[in-house]
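Dear colleague,

Please find below the structure that I am handing over to you. My notes on it follow directly after.

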Amino acid sequence: MNNYLDLSILELHTLLKEGKVTPLQLVLEAFDRIENEKDLNAFITLNKEEALKEAKALEGKEVDNPLFGIPIAVKDNILTNDLRTTCASKILENFIPIYDATVVQKLKEKHMIIVGKTNMDEFAMGSTSRTSYFGAPKNPWNKTKITGGSSGGSAATIAARLVPLALGTDTGGSIRQPASYCGLVGMKPTYGRVSRYGLVAFGSSLDQIGPMTRNVMENALLLNVIQGQDDHDLTSSYHELEDYTRLIGKDIKGMKVGLPNYFMSDIVDSSIKQKIEDLVALLETHGVTVERMDIDYIENAVTLYQIIAMGEASSNLARFDGVRYGYRAENPENVEDLYLRTREEGFGDEVKRRIMVGSYLLSGENAKIYYDKALSIRDDMKKSFEKAFEKYDFIIGPTTCSVAYDLSESTDDPMRSFLDDVLVIPVNMAGLPGLNLPIGFNDEHMPIGLHIIGRAFDEARMYQFASYLEQTLKLELDPKGVK
Amino acid sequence: MDYKTTVGIEIHCELKTNSKMFSHGANGYGATANSNITEIDLGYPGSLPVLNKGAILLALRAALVLNCTINKRMHFDRKNYFYPDLPKGYQITQARTPIGVHGYVEIEVNGVPKKIGIHDIHIEEDTAKSAHSATSSLLDFNRAGVPLIEIVTEPDMNSPEEAMAYVEKLRELLLYADISDCKIEEGSMRCDVNVSVSKTETLGTRAEIKNIGSISNVGLAIQKEVEHQIEVYEQGGTIQEETRRFDEKAGKTVLMRVKETGNDYRYFPEPDIPFFELTDEDMEMVQKTIPVLPNERRKFYKEKGISEINQNKLIQNRDLSDYLLTAPEELNYVVTSNILLGDVLAYLNKTRKKIEETHLSMEKLTKVVQMLDEGKLTNKILKEILEDLLETDDAIDEVIKKHGITQMNDTDSLMTVVKQVINANPESVSDYRNGKDRALKYLMGQIMKETKGGANPALVNQLLVEELTK
């Protein structure tokens, strides 16, 4: 058995071009790996038959781009034509989409091969992937630990090196936080950089699809593919297309970075703070200035998030009513009974909780008291970020307050889930790009991540910065390599 | 009876667009059920709305026609509620930034003019259409997402007649401005009426009568509802805020449901659609394409001396009204409108043609009217040759000739006929000389008969009188 999938994508690209390996070999190897690591529960649906067919069809075709023939995993809230898309919910357990999300279309145009749909929190609501109707995925670094979430399946897939690339989605940290817990590179691009068409909406003004990968270069390569304005998504940006790899390898000397005091406060574990301190020292030896500073309103981000994301979610999930698609309660007595029982039986607890809270927050006068107020503070927070970026190239901090914790830890505290994301949520609120870069491990060898926040549409320089650190730190990020 | 009636009206109109408000699905009435649908119209997971700018510009036109102040920077809002005909579980509408506000429509009842205030006009999407049987319901999503405007009046109407006049006037305006086809029977125009009565200055509790099926029923429903409310009050009862419908057969309004306090639609700004801004060019362009509206036409007709009956007939016949707009200023409009609304309209109705599908160019018609004015043509001849004028490009003279009518304008040959007729009717001649005017008409008729109506009547009259008074 070859281990092609341990090679970098650029190495694979050369081999594919030279005909030394075929897409079919890569796909077969991917499915072997997935089979061997079945207990990770990283996938909800595998696309084996179709993937093999596509791989065979690629034989003899010109290898026209770096991602040609590369297997990829797609989070299960992104629609794939003819391939079951469940959002990890019973209500969509048997839902077969009739169209491809725009990003999926883009993957297919580049002849990438979708191996399957990854596990996640139900409707991306959660921070541990334990709200999945299909059971939680496991952390490849320690299978008794959570992957984080909501893109936990995609994170596990990349960490375990099942395939080199995955798509995640990030409404309040759902790419970056599991990337931190599982030790991989995850980018939430600027809001509007990637089309949301075909992404099952959770918090429409926050949702963004992004790449989850083993390293920075491959992350940039995948963002190259999925970026771009889309006529189907009015919130997608006309910002010009970029090659995100173009600054990778360049020096970062002279850059100026802000480290908000809030990100180093008592909410963060000391082992993580220590790693950040170490990194700050390292940056300084490489000619980067790091300053402690404050960003107004970031401590309010979770509150704003709960109001805005849940308000939007309560409306976005209204369409799951059993009338046109998805789960339908049996023998309803009347329309109201159909609605009530379909949604009662089809949704899990966390989803119901958020729909109820969201409905309450938008109800009557509350819309003004909470939602309008939240939007206005959100604007203020955005402005305080803009102000910070007048002075700094990036804002950095830890991605999470702790490392991945035990799968068995209680799920009773609904607030816990938001605290897991307290450091990453401000980025969604401000619509900015945020990236997780693994920077080390704690005593139990669980990954610790650095959170890099950039200016809007400054992803290329974030990759430059992250890649420089990656090359300097040279961490072993394959769990197999450690054991 | 000292109760004062107060009426406010909400009207939904489907906009005449090719595609839907928030998708590229086709907008067409009468297509096979569920054939004009996209994933957006079905509220499919992952789908997002697009924006139909054409529909926004049509709504802008409506707002301008209704004399509204325009919100140039607007956004959309979600109105959340559950119903099987509402695929997304919310309707995209405009709650906070309606495209137009503070407008008015001018009506007239029994010669009394009145301005009915328009509170606002906003853009929204239509729902699917449901058909219910005893055991099941069927849904047709063709209508889901069709662009609508909702026009909400102030409570400015005080009688069934005013309400009917308003709906009629609004319909006329929207039709003339090509905004909607306003077919109440097909549901492209839907009418909800709010009615209350009160003995004091404070408005009474209102009932909403939903989806009234015709303009005359608007009047009838209001009348019946007013009677119902007064009866309740007179018996010492109170009116609850409720939704009713008009039962045409029973001739009364019936309760549908009592409105719960504070209908909670959980409005919030639609996050999938960014702010939309109308440019000055948009405004100018739309302003320019608004056709001449009925009131202006009526004013013009009046100036030209057209009778009120003919004014109304012209407004009702948009084609002919548009056609008449192309007439030269100095034309005799009274004669022209008589011709158009008489034999021409009869012909058009009979052949189901539009005036522009005939060969009667405005140039030709202008000439016809001139010839009538100058006495070179009689109404009788016109009647005979009209069909040829409508169906061929032949010149008027040729057509007349073709019908074997000789236009007799030369005095000599006419005089021959005049003398001939005088000689043949000595009694009439002596009657005339004894002061009986009718005799002259009889003699005229005889001359016209002899000339197959070809004689110039003015000339004949002149010659005849000359001859008789010799």
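What percentage of the 470 residues in chain B do buried residues make up? They make up 52%, where buried means under 20% relative accessible area, exposed over 50% and partly exposed in between (1.4 Å probe, protein chains only).

Please note that this is a predicted model, in which local features need pLDDT of at least 70 and side-chain atom pairs count only at pLDDT 80 or more, while totals for chains, interfaces and linings use all residues. Residues are numbered from 1 along each chain as its sequence is written, chains are lettered from A and ligands numbered from 1 in the order in which they are written, and side-chain values use heavy atoms, with hydrogens and water left out.

Chain B

Chain B contains 15 helices and 16 strands; helices (H or I, at least four residues) and strands (E, at least two) are DSSP runs, numbered from the N terminus. Its radius of gyration is 30 Å, whereas a compact globule of 470 residues would have one near 23 Å. That radius is taken over C-alpha atoms, and the globule rule is 2.2 Å times the number of residues to the power 0.38. The C-alpha trace of chain B spans about 95 × 55 × 50 Å along its principal axes. Of the contacts in chain B between residues at least 6 apart in sequence, 68% join residues at least 24 apart, contact meaning heavy atoms within 4.5 Å.

Chain A

Chain A has 16 helices and 11 strands. Its radius of gyration is 21 Å, close to the 23 Å that the globule rule gives for 483 residues, so chain A is as compact as a globular protein of that length. The C-alpha atoms of chain A fill a box of roughly 70 × 55 × 45 Å, taken along the principal axes. Of its 483 residues, 65% count as buried. Residues 24 or more positions apart account for 76% of the contacts in chain A with a separation of 6 or more.

Nonpolar cores

A nonpolar core is a set of buried Ala, Val, Leu, Ile, Met, Phe, Trp, Tyr and Cys residues joined through side-chain atoms within 4.5 Å. The largest one has 168 residues, of which A:Leu107, A:Phe123, A:Leu167, A:Ile226 and A:Phe465 touch the most other members. Helix α9 (residues 301–316) of chain A provides the largest share of this core, 9 residues. Apart from it lies another core, of 104 residues, among them B:Val109, B:Leu278, B:Leu345 and B:Ile385. Leaving aside neighbours within four places in sequence, the contacts of A:Ile226 include A:Val103, A:Leu107, A:Leu167 and A:Val194.

Local geometry

Most residues other than glycine have a negative phi, and most peptide bonds are trans. A:Asn41, although not a glycine, has a positive phi of about 55°; this residue lies in the loop between α2 (23–36) and β1 (43–46) of chain A and is partly exposed, with a relative accessible area of 22%. B:Asn211 also has a positive phi, of about 50°, although it is not a glycine, and its place is in strand β12 (residues 207–212) of chain B. A cis peptide bond, with omega about 15°, joins A:Gly149 and A:Ser150. A:Ser150 lies in the loop between β3 (113–118) and α5 (152–159) of chain A.

Yours sincerely
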